[in-house]
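Hi everyone, thanks for making the time. Have a look at the structure on the screen, and I'll talk you through a few spots in it.

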Amino acid sequence: MVKVHGRCNLACRYCYLYEGPDHTWRDRPAAASPAVLGRTADRIAEHAAAHRLGGVALVLHGGEPLLAGPDRLAAFADTVRARVPTGCTVHATVQTNATLLTDAAVATLAAHGIRVGISLDGGLAAHNALRTDHAGRPSWPAAVRGARLLADRHPDAFAGILTVVDPRTDPVEMYVSLLALRPPALDLLLPHGNWSAPPPGMPDLTHLPMGPGSGRATPYGDWLCAVFDRWWAAPRRATRVRLFEECVALLLGLPAATESLGLDPLNAVVIETDGAIEQVDSLKSAYDGAAATGLDVFRHTFDEALGHPGVAARQAGARALADACRTCPLLTVCGGGHYAHRYRAGHGFRNPSVYCADLERLVRHVADRLAEATAGDPP
(Lines give C-alpha, C1' and ligand atoms only; values in the text may rest on other atoms or scores of the structure.)
Protein backbone atom coordinates (compact mmCIF):
# COMPACT_ATOMS: atom_id res chain seq x y z
CA MET A 1 0.00 0.00 0.00
CA VAL A 2 1.50 3.29 -1.10
CA LYS A 3 0.31 6.60 0.37
CA VAL A 4 0.52 8.77 -2.71
CA HIS A 5 -1.32 11.50 -0.80
CA GLY A 6 -1.53 11.81 2.96
CA ARG A 7 -4.43 14.22 3.31
CA CYS A 8 -8.15 13.87 2.65
CA ASN A 9 -10.74 16.21 1.16
CA LEU A 10 -13.31 14.78 3.60
CA ALA A 11 -13.50 15.00 7.38
CA CYS A 12 -15.50 11.88 8.25
CA ARG A 13 -16.34 12.26 11.92
CA TYR A 14 -15.51 8.66 12.83
CA CYS A 15 -12.21 8.40 10.88
CA TYR A 16 -9.73 6.27 12.85
CA LEU A 17 -6.82 7.74 10.88
CA TYR A 18 -7.35 11.48 11.25
CA GLU A 19 -9.64 11.53 14.29
CA GLY A 20 -8.02 8.64 16.17
CA PRO A 21 -5.13 8.38 18.66
CA ASP A 22 -2.33 8.37 16.06
CA HIS A 23 -1.00 11.78 15.06
CA THR A 24 2.03 10.80 12.98
CA TRP A 25 0.32 11.96 9.76
CA ARG A 26 0.58 15.58 10.92
CA ASP A 27 4.38 15.62 10.60
CA ARG A 28 4.51 14.03 7.16
CA PRO A 29 4.39 15.75 3.76
CA ALA A 30 0.97 16.00 2.19
CA ALA A 31 2.03 14.09 -0.91
CA ALA A 32 4.74 11.57 -1.72
CA SER A 33 7.62 13.16 -3.65
CA PRO A 34 8.99 11.80 -6.94
CA ALA A 35 12.02 10.58 -4.97
CA VAL A 36 9.83 8.58 -2.57
CA LEU A 37 7.75 7.09 -5.37
CA GLY A 38 10.81 6.24 -7.43
CA ARG A 39 12.57 4.56 -4.53
CA THR A 40 9.37 2.69 -3.63
CA ALA A 41 9.16 1.35 -7.18
CA ASP A 42 12.77 0.18 -6.88
CA ARG A 43 12.05 -1.61 -3.60
CA ILE A 44 8.98 -3.35 -5.03
CA ALA A 45 11.01 -4.51 -8.02
CA GLU A 46 13.87 -5.63 -5.78
CA HIS A 47 11.51 -7.67 -3.60
CA ALA A 48 9.72 -9.20 -6.59
CA ALA A 49 13.02 -10.27 -8.10
CA ALA A 50 14.45 -11.64 -4.84
CA HIS A 51 11.40 -13.81 -4.23
CA ARG A 52 10.57 -14.56 -7.87
CA LEU A 53 7.05 -13.23 -7.41
CA GLY A 54 4.53 -13.86 -10.13
CA GLY A 55 2.36 -10.98 -8.99
CA VAL A 56 2.28 -7.93 -6.75
CA ALA A 57 -0.79 -6.13 -5.38
CA LEU A 58 -0.21 -2.36 -5.53
CA VAL A 59 -2.81 -0.34 -3.62
CA LEU A 60 -2.67 3.43 -4.15
CA HIS A 61 -3.98 4.88 -0.94
CA GLY A 62 -4.32 7.96 1.24
CA GLY A 63 -5.89 10.10 2.62
CA GLU A 64 -7.60 10.61 -0.67
CA PRO A 65 -5.16 9.42 -3.36
CA LEU A 66 -6.94 11.25 -6.18
CA LEU A 67 -5.77 14.52 -4.62
CA ALA A 68 -2.44 13.60 -6.25
CA GLY A 69 -4.16 13.56 -9.65
CA PRO A 70 -4.89 10.59 -11.91
CA ASP A 71 -1.89 11.30 -14.14
CA ARG A 72 0.52 10.94 -11.24
CA LEU A 73 -1.11 7.71 -10.12
CA ALA A 74 -0.92 6.36 -13.66
CA ALA A 75 2.73 7.34 -14.00
CA PHE A 76 3.64 5.62 -10.74
CA ALA A 77 1.85 2.40 -11.70
CA ASP A 78 3.63 2.47 -15.06
CA THR A 79 6.98 2.94 -13.29
CA VAL A 80 6.41 -0.04 -11.02
CA ARG A 81 5.42 -2.23 -13.97
CA ALA A 82 8.48 -1.15 -15.91
CA ARG A 83 10.82 -2.03 -13.04
CA VAL A 84 9.50 -5.38 -11.81
CA PRO A 85 10.96 -8.49 -13.46
CA THR A 86 9.47 -9.90 -16.63
CA GLY A 87 6.61 -12.23 -15.73
CA CYS A 88 5.62 -10.35 -12.57
CA THR A 89 2.11 -8.91 -12.91
CA VAL A 90 1.28 -5.71 -11.01
CA HIS A 91 -2.35 -5.63 -9.92
CA ALA A 92 -2.95 -1.93 -9.26
CA THR A 93 -5.95 -0.50 -7.40
CA VAL A 94 -6.78 2.95 -6.09
CA GLN A 95 -9.03 3.25 -3.02
CA THR A 96 -11.05 6.48 -3.15
CA ASN A 97 -14.03 8.18 -1.56
CA ALA A 98 -15.33 8.72 -5.14
CA THR A 99 -15.92 12.47 -4.78
CA LEU A 100 -13.14 13.33 -7.25
CA LEU A 101 -14.03 10.73 -9.87
CA THR A 102 -14.67 12.18 -13.31
CA ASP A 103 -15.00 10.48 -16.65
CA ALA A 104 -11.55 11.73 -17.66
CA ALA A 105 -9.99 10.59 -14.37
CA VAL A 106 -11.43 7.08 -14.57
CA ALA A 107 -10.50 6.82 -18.26
CA THR A 108 -6.89 7.67 -17.37
CA LEU A 109 -6.77 5.17 -14.53
CA ALA A 110 -8.38 2.43 -16.61
CA ALA A 111 -6.03 3.05 -19.52
CA HIS A 112 -3.09 2.44 -17.18
CA GLY A 113 -4.52 -0.73 -15.67
CA ILE A 114 -5.62 0.77 -12.35
CA ARG A 115 -8.92 -0.49 -10.96
CA VAL A 116 -11.00 1.72 -8.67
CA GLY A 117 -12.29 0.75 -5.23
CA ILE A 118 -14.76 3.03 -3.48
CA SER A 119 -15.28 3.63 0.24
CA LEU A 120 -18.89 4.38 1.23
CA ASP A 121 -21.02 3.91 4.33
CA GLY A 122 -23.94 2.60 2.31
CA GLY A 123 -25.94 3.27 -0.82
CA LEU A 124 -28.20 6.02 0.53
CA ALA A 125 -27.58 9.62 1.57
CA ALA A 126 -28.69 8.83 5.14
CA HIS A 127 -26.01 6.13 5.44
CA ASN A 128 -23.30 8.65 4.58
CA ALA A 129 -24.37 11.52 6.84
CA LEU A 130 -21.05 11.45 8.76
CA ARG A 131 -18.98 11.62 5.57
CA THR A 132 -18.72 15.39 5.18
CA ASP A 133 -16.08 17.73 3.83
CA HIS A 134 -14.03 20.04 6.04
CA ALA A 135 -16.78 22.68 5.91
CA GLY A 136 -19.37 20.17 7.09
CA ARG A 137 -21.04 19.78 3.70
CA PRO A 138 -22.31 16.32 2.70
CA SER A 139 -20.09 14.31 0.39
CA TRP A 140 -22.88 12.03 -0.83
CA PRO A 141 -23.94 13.94 -3.98
CA ALA A 142 -20.39 13.89 -5.38
CA ALA A 143 -19.67 10.35 -4.14
CA VAL A 144 -22.78 8.77 -5.64
CA ARG A 145 -22.16 10.62 -8.89
CA GLY A 146 -18.66 9.12 -9.01
CA ALA A 147 -19.90 5.64 -8.13
CA ARG A 148 -22.59 5.71 -10.81
CA LEU A 149 -20.17 7.03 -13.39
CA LEU A 150 -17.84 4.15 -12.64
CA ALA A 151 -20.60 1.53 -12.88
CA ASP A 152 -22.22 3.05 -15.97
CA ARG A 153 -19.23 4.01 -18.08
CA HIS A 154 -16.25 2.05 -16.79
CA PRO A 155 -17.54 -1.18 -15.23
CA ASP A 156 -14.36 -3.06 -16.09
CA ALA A 157 -12.40 -0.65 -13.91
CA PHE A 158 -14.76 -1.01 -10.92
CA ALA A 159 -13.02 -3.03 -8.19
CA GLY A 160 -15.81 -2.84 -5.64
CA ILE A 161 -17.11 -0.99 -2.58
CA LEU A 162 -15.70 -1.03 0.93
CA THR A 163 -18.25 -0.42 3.70
CA VAL A 164 -17.79 -0.34 7.47
CA VAL A 165 -20.50 -2.20 9.38
CA ASP A 166 -22.86 -0.01 11.42
CA PRO A 167 -25.28 -2.06 13.56
CA ARG A 168 -27.54 0.99 13.92
CA THR A 169 -28.56 0.63 10.28
CA ASP A 170 -30.98 -1.87 8.78
CA PRO A 171 -28.61 -4.55 7.41
CA VAL A 172 -30.72 -5.71 4.48
CA GLU A 173 -31.61 -2.17 3.46
CA MET A 174 -27.92 -1.27 3.57
CA TYR A 175 -26.95 -4.26 1.45
CA VAL A 176 -29.69 -3.72 -1.13
CA SER A 177 -28.82 -0.03 -1.40
CA LEU A 178 -25.23 -0.94 -2.20
CA LEU A 179 -26.35 -3.46 -4.82
CA ALA A 180 -28.09 -0.59 -6.61
CA LEU A 181 -24.62 0.86 -7.29
CA ARG A 182 -23.69 -2.39 -9.07
CA PRO A 183 -20.37 -3.16 -7.40
CA PRO A 184 -18.65 -6.35 -8.56
CA ALA A 185 -17.55 -6.97 -4.96
CA LEU A 186 -18.24 -5.74 -1.44
CA ASP A 187 -15.88 -5.59 1.50
CA LEU A 188 -17.79 -5.43 4.80
CA LEU A 189 -15.37 -4.32 7.51
CA LEU A 190 -15.84 -4.15 11.26
CA PRO A 191 -15.02 -0.71 12.75
CA HIS A 192 -11.54 -0.44 14.19
CA GLY A 193 -12.35 -0.72 17.88
CA ASN A 194 -10.53 -2.58 20.63
CA TRP A 195 -10.87 -3.48 24.32
CA SER A 196 -9.72 -0.02 25.43
CA ALA A 197 -11.79 1.85 22.85
CA PRO A 198 -14.85 -0.36 22.13
CA PRO A 199 -16.67 0.14 18.83
CA PRO A 200 -20.05 1.93 18.74
CA GLY A 201 -22.98 -0.10 20.01
CA MET A 202 -20.85 -2.69 21.79
CA PRO A 203 -22.36 -3.85 25.12
CA ASP A 204 -20.49 -3.23 28.37
CA LEU A 205 -17.42 -5.49 28.32
CA THR A 206 -16.21 -4.78 31.85
CA HIS A 207 -17.29 -7.96 33.61
CA LEU A 208 -17.48 -10.39 30.70
CA PRO A 209 -14.81 -12.93 29.76
CA MET A 210 -12.68 -11.93 26.78
CA GLY A 211 -12.66 -15.23 24.95
CA PRO A 212 -15.19 -17.46 23.17
CA GLY A 213 -18.45 -18.33 24.89
CA SER A 214 -18.80 -15.01 26.72
CA GLY A 215 -22.55 -15.03 26.21
CA ARG A 216 -22.68 -11.32 25.49
CA ALA A 217 -24.91 -9.60 22.94
CA THR A 218 -23.61 -9.67 19.35
CA PRO A 219 -24.88 -6.59 17.48
CA TYR A 220 -22.22 -6.82 14.75
CA GLY A 221 -22.57 -10.55 14.35
CA ASP A 222 -26.36 -10.26 14.11
CA TRP A 223 -26.02 -7.55 11.44
CA LEU A 224 -23.62 -9.64 9.39
CA CYS A 225 -25.79 -12.75 9.69
CA ALA A 226 -28.79 -10.86 8.32
CA VAL A 227 -26.80 -9.71 5.30
CA PHE A 228 -25.33 -13.17 4.83
CA ASP A 229 -28.79 -14.73 4.68
CA ARG A 230 -29.90 -12.21 2.05
CA TRP A 231 -26.74 -12.84 0.02
CA TRP A 232 -26.77 -16.63 0.45
CA ALA A 233 -30.45 -17.13 -0.41
CA ALA A 234 -30.46 -14.95 -3.53
CA PRO A 235 -31.41 -16.83 -6.72
CA ARG A 236 -28.24 -15.50 -8.32
CA ARG A 237 -25.12 -13.99 -6.83
CA ALA A 238 -25.57 -10.25 -7.32
CA THR A 239 -22.07 -9.46 -6.05
CA ARG A 240 -19.15 -11.03 -4.28
CA VAL A 241 -18.92 -10.39 -0.53
CA ARG A 242 -15.35 -11.09 0.43
CA LEU A 243 -15.96 -11.74 4.14
CA PHE A 244 -18.67 -14.30 3.41
CA GLU A 245 -16.81 -16.05 0.60
CA GLU A 246 -13.71 -16.44 2.71
CA CYS A 247 -15.68 -17.65 5.73
CA VAL A 248 -17.26 -20.35 3.55
CA ALA A 249 -13.88 -21.25 2.05
CA LEU A 250 -12.25 -21.58 5.47
CA LEU A 251 -15.11 -23.74 6.76
CA LEU A 252 -14.54 -26.02 3.78
CA GLY A 253 -10.84 -26.24 4.55
CA LEU A 254 -9.81 -24.12 1.58
CA PRO A 255 -7.16 -21.38 1.71
CA ALA A 256 -8.40 -17.83 2.16
CA ALA A 257 -6.66 -14.53 2.79
CA THR A 258 -8.20 -11.69 4.77
CA GLU A 259 -7.16 -9.64 7.78
CA SER A 260 -10.46 -10.42 9.49
CA LEU A 261 -10.49 -14.22 9.33
CA GLY A 262 -8.14 -17.19 9.08
CA LEU A 263 -4.54 -17.82 10.08
CA ASP A 264 -2.78 -16.84 6.86
CA PRO A 265 0.05 -14.40 7.60
CA LEU A 266 -0.40 -10.74 6.73
CA ASN A 267 1.43 -9.92 3.50
CA ALA A 268 1.16 -6.14 3.28
CA VAL A 269 3.14 -3.08 4.30
CA VAL A 270 2.44 0.63 3.93
CA ILE A 271 4.75 3.23 2.39
CA GLU A 272 4.02 6.62 3.88
CA THR A 273 4.41 9.93 2.01
CA ASP A 274 7.88 10.46 3.52
CA GLY A 275 9.03 6.98 2.49
CA ALA A 276 8.58 5.36 5.91
CA ILE A 277 7.79 1.65 5.81
CA GLU A 278 4.98 1.00 8.27
CA GLN A 279 2.65 -1.73 9.33
CA VAL A 280 -0.95 -1.49 8.11
CA ASP A 281 -2.94 1.63 9.00
CA SER A 282 -5.50 -0.22 11.11
CA LEU A 283 -2.94 -0.41 13.93
CA LYS A 284 -3.14 3.37 14.23
CA SER A 285 -6.53 2.88 15.86
CA ALA A 286 -4.75 1.42 18.91
CA TYR A 287 -2.31 4.12 19.99
CA ASP A 288 -0.03 6.85 18.64
CA GLY A 289 2.85 5.34 16.67
CA ALA A 290 1.51 1.77 16.76
CA ALA A 291 2.22 1.20 13.05
CA ALA A 292 5.78 2.59 13.09
CA THR A 293 8.75 0.36 12.30
CA GLY A 294 11.64 2.84 12.12
CA LEU A 295 12.33 1.67 8.55
CA ASP A 296 12.16 3.54 5.24
CA VAL A 297 12.52 2.78 1.55
CA PHE A 298 15.77 4.73 1.23
CA ARG A 299 17.70 2.65 3.76
CA HIS A 300 15.81 -0.62 4.16
CA THR A 301 14.48 -3.49 2.10
CA PHE A 302 11.07 -5.12 2.43
CA ASP A 303 12.83 -8.23 3.73
CA GLU A 304 14.05 -6.10 6.63
CA ALA A 305 10.46 -5.05 7.22
CA LEU A 306 9.49 -8.74 7.39
CA GLY A 307 11.96 -9.10 10.23
CA HIS A 308 10.45 -6.29 12.29
CA PRO A 309 8.96 -7.71 15.55
CA GLY A 310 5.53 -6.19 14.86
CA VAL A 311 5.40 -7.64 11.36
CA ALA A 312 6.85 -10.97 12.51
CA ALA A 313 4.11 -11.27 15.14
CA ARG A 314 1.54 -11.11 12.35
CA GLN A 315 3.36 -13.84 10.44
CA ALA A 316 3.32 -16.26 13.39
CA GLY A 317 -0.20 -17.61 12.95
CA ALA A 318 -1.70 -19.35 15.99
CA ARG A 319 1.52 -18.89 18.01
CA ALA A 320 0.76 -15.16 18.30
CA LEU A 321 -2.76 -15.66 19.66
CA ALA A 322 -4.16 -15.62 23.17
CA ASP A 323 -4.56 -18.95 24.97
CA ALA A 324 -8.35 -18.74 24.68
CA CYS A 325 -8.04 -18.42 20.89
CA ARG A 326 -5.60 -21.31 20.48
CA THR A 327 -7.99 -23.71 22.23
CA CYS A 328 -11.11 -22.48 20.43
CA PRO A 329 -12.74 -24.94 17.98
CA LEU A 330 -13.22 -22.07 15.51
CA LEU A 331 -9.52 -21.18 15.47
CA THR A 332 -8.75 -22.05 11.84
CA VAL A 333 -11.74 -20.06 10.59
CA CYS A 334 -11.77 -17.07 12.93
CA GLY A 335 -8.00 -16.90 13.29
CA GLY A 336 -8.33 -14.61 16.29
CA GLY A 337 -9.97 -11.88 14.24
CA HIS A 338 -8.35 -8.69 13.04
CA TYR A 339 -5.06 -7.96 14.79
CA ALA A 340 -5.94 -4.33 15.59
CA HIS A 341 -9.16 -5.40 17.29
CA ARG A 342 -7.22 -7.45 19.88
CA TYR A 343 -5.48 -4.47 21.49
CA ARG A 344 -5.91 -3.70 25.17
CA ALA A 345 -3.95 -0.89 26.80
CA GLY A 346 -1.27 -2.31 29.06
CA HIS A 347 -1.70 -5.80 27.62
CA GLY A 348 -0.76 -5.35 23.96
CA PHE A 349 -2.33 -7.42 21.17
CA ARG A 350 -2.22 -10.91 22.68
CA ASN A 351 -5.94 -10.94 23.46
CA PRO A 352 -9.03 -12.27 21.74
CA SER A 353 -10.69 -9.83 19.36
CA VAL A 354 -13.09 -7.35 20.90
CA TYR A 355 -15.46 -8.85 18.30
CA CYS A 356 -14.87 -12.42 19.50
CA ALA A 357 -18.54 -13.09 20.27
CA ASP A 358 -19.68 -11.44 17.03
CA LEU A 359 -17.26 -13.51 14.96
CA GLU A 360 -18.35 -16.69 16.74
CA ARG A 361 -21.96 -15.80 15.95
CA LEU A 362 -21.17 -15.25 12.27
CA VAL A 363 -18.96 -18.31 11.79
CA ARG A 364 -21.42 -20.68 13.46
CA HIS A 365 -24.30 -19.18 11.48
CA VAL A 366 -22.47 -19.60 8.17
CA ALA A 367 -21.51 -23.14 9.17
CA ASP A 368 -25.18 -23.94 9.83
CA ARG A 369 -26.25 -22.58 6.45
CA LEU A 370 -23.47 -24.50 4.73
CA ALA A 371 -24.49 -27.72 6.49
CA GLU A 372 -28.11 -27.22 5.42
CA ALA A 373 -27.04 -26.64 1.83
CA THR A 374 -24.89 -29.77 1.70
CA ALA A 375 -27.09 -32.09 3.79
CA GLY A 376 -28.26 -34.04 0.75
CA ASP A 377 -24.89 -34.31 -0.95
CA PRO A 378 -23.39 -37.79 -1.34
CA PRO A 379 -20.41 -38.62 0.91
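Let's start with a question: in which loop does G335 lie? G335 sits in the loop between α11 (331-334) and α12 (356-374). Before I go on, a word about the model: it is predicted, so local features need pLDDT of at least 70 and side-chain atom pairs count only at pLDDT 80 or more, while totals for chains, interfaces and linings use all residues. Residues are numbered from 1 along each chain as its sequence is written, and side-chain values use heavy atoms, with hydrogens and water left out. As for the labels, helices (H or I, at least four residues) and strands (E, at least two) are DSSP runs, numbered from the N terminus.

Back to our glycine. G335 is buried because its relative accessible area is 4%; buried means under 20%, exposed over 50%, and partly exposed in between, using a 1.4 Å probe and protein chains only. G335 and G262 are 73 residues apart in sequence, yet their C-alphas are 4.2 Å apart in space. If we skip neighbours within four places in sequence, G335 is in contact (heavy atoms within 4.5 Å) with G262, L263, L321, L330 and R342.

Next stop, some strands. Why do we call β4 largely enclosed by the rest of the structure? Because five of the six residues of β4 (residues 114-119) are buried. Strand β3 (residues 89-96) runs parallel to β4, and five bridges join the two; strands pair if DSSP finds at least two bridges between them. One of those pairings puts I114 of β4 with A92. β4 also pairs with strand β5 (residues 158-164), again parallel, over four bridges. There, V116 stands opposite F158 in β5. Going from β4 to β5, the chain passes through helix α4 (residues 140-153), and this β-α-β crossover is right-handed. That means that, with the strands pointing away from the viewer, the path from the first strand over the helix to the second runs clockwise. β3, helix α3 (residues 103-111) and β4 make a right-handed β-α-β unit too.

Now the greasy bits. A nonpolar core is a set of buried Ala, Val, Leu, Ile, Met, Phe, Trp, Tyr and Cys residues joined through side-chain atoms within 4.5 Å. The largest one here has 87 residues, and L58, L73, I118, L224 and F244 touch the most other members. There's also a second, separate core of eight residues, with A291, Y339, A340 and Y343 among them.

What about T293? You'll find T293 in the loop between β9 (276-278) and β10 (295-296), and T293 counts as buried because its relative accessibility is 14%. Its side chain makes polar contacts, meaning N or O atoms within 3.5 Å, where within protein one must be able to donate a hydrogen and the other to accept it, and residues adjacent in sequence count only if both atoms are side-chain atoms. One goes to the backbone oxygen of I277 at 2.4 Å, another to the backbone nitrogen of L295 at 3.1 Å.
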